Amino acid sequence: MSALTDLYHEIENCQGCGLAKSRNRVVPGEGAEDASIFFIGEAPGWHEDQQGRPFVGPAGQFLTQLLTLIGLRREQVYIANVIKCHPPQNRDPLPMEIEACCGWLDRQLEIIHPRMVITLGRYSLSRYFPNESIGKAHGKARKVGDVIVFPMYHPAAALHQGSLRNIIEEDMRKVPMILAQKEEISEVAHEPRQLNLL
Ligand code: URA
């Protein structure tokens, strides 16, 4: 068994917070173990909770379309969330749920060791840049340790606010150039740490 499969078994048995009682399926994440790009969303929604897979609902369909814009398929990247279980009524994750869950994401990142992390929305942005707003941070790549971190709006944002669709697509189109290091990438000193949005 691979390190990732072992980790999935551990995550599936997690009782670390109250969501263990309300969830239908745990949604650990999925994708290539040798992926260069690691996407981090927020939390599984209803569809994800039914299927045990990340980004399979409407936001996921848009994410899949965004990947095709840059010639990638889902299987070539890695996709996970800040928290692994669906919060009831799609509410925002609670600080203690994020705290209880962040060790799983740390271990996924250690195993996959991607070249680039793409944060989707404000919860994963906050893991790397706790004091920044998505409106300012999106579309700008920065190096955190040896990883390039590239914040983007959450794909669901475009479903609620159509005007964001072009911005999200434009940001996604920058990804190949950034990976090829053809754009200047500034260094950030601190190590990532998930901070809760209060
Ligand atoms: N939104 C997320 O943040 N993650 C998913 O897996 C689905 C929707």
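This is a predicted model: local features need pLDDT of at least 70, side-chain atom pairs count only at pLDDT 80 or more; totals for chains, interfaces and linings use all residues.
What radius of gyration would a compact globule of 198 residues have, and what does the protein chain have?

**Figure 1. The protein chain as a whole.** With 198 residues, a compact globule would have a radius of gyration near 16 Å, and the protein chain agrees because its own value is 16 Å. The C-alpha trace spans about 45 × 35 × 35 Å along its principal axes. Nine helices and seven strands make up the secondary structure of the chain.

Figure 2. Around the ligand you will find Gly41, Glu42, Ala43, Glu48, Pro54, Phe55, Asn81 and His154.

Figure 3. At Glu42, a backbone N or O atom lies 2.7 Å from an oxygen atom of the ligand. At Phe55, a polar backbone atom is 2.9 Å from an oxygen atom of the ligand.

**Figure 4. A side-chain contact and the cover over the ligand.** His154 takes part through its side chain: an N or O atom there is 2.8 Å from a ligand oxygen atom. Taken alone, the ligand exposes 240 Å², and the protein buries 91% of that area.

Conventions:
Residues are numbered from 1 along each chain as its sequence is written. Side-chain values use heavy atoms; hydrogens and water are left out. A residue is near a molecule or strand if one of its heavy atoms lies within 4 Å of it. A polar contact is a pair of N or O atoms within 3.5 Å; within protein, one must be able to donate a hydrogen and the other to accept it, and residues adjacent in sequence count only if both atoms are side-chain atoms. Accessible areas come from the Shrake-Rupley method with a 1.4 Å probe; for residues, only the protein chains shown count as cover. Helices (H or I, at least four residues) and strands (E, at least two) are DSSP runs, numbered from the N terminus. The radius of gyration is taken over C-alpha atoms; the globule rule is 2.2 Å times the number of residues to the power 0.38.
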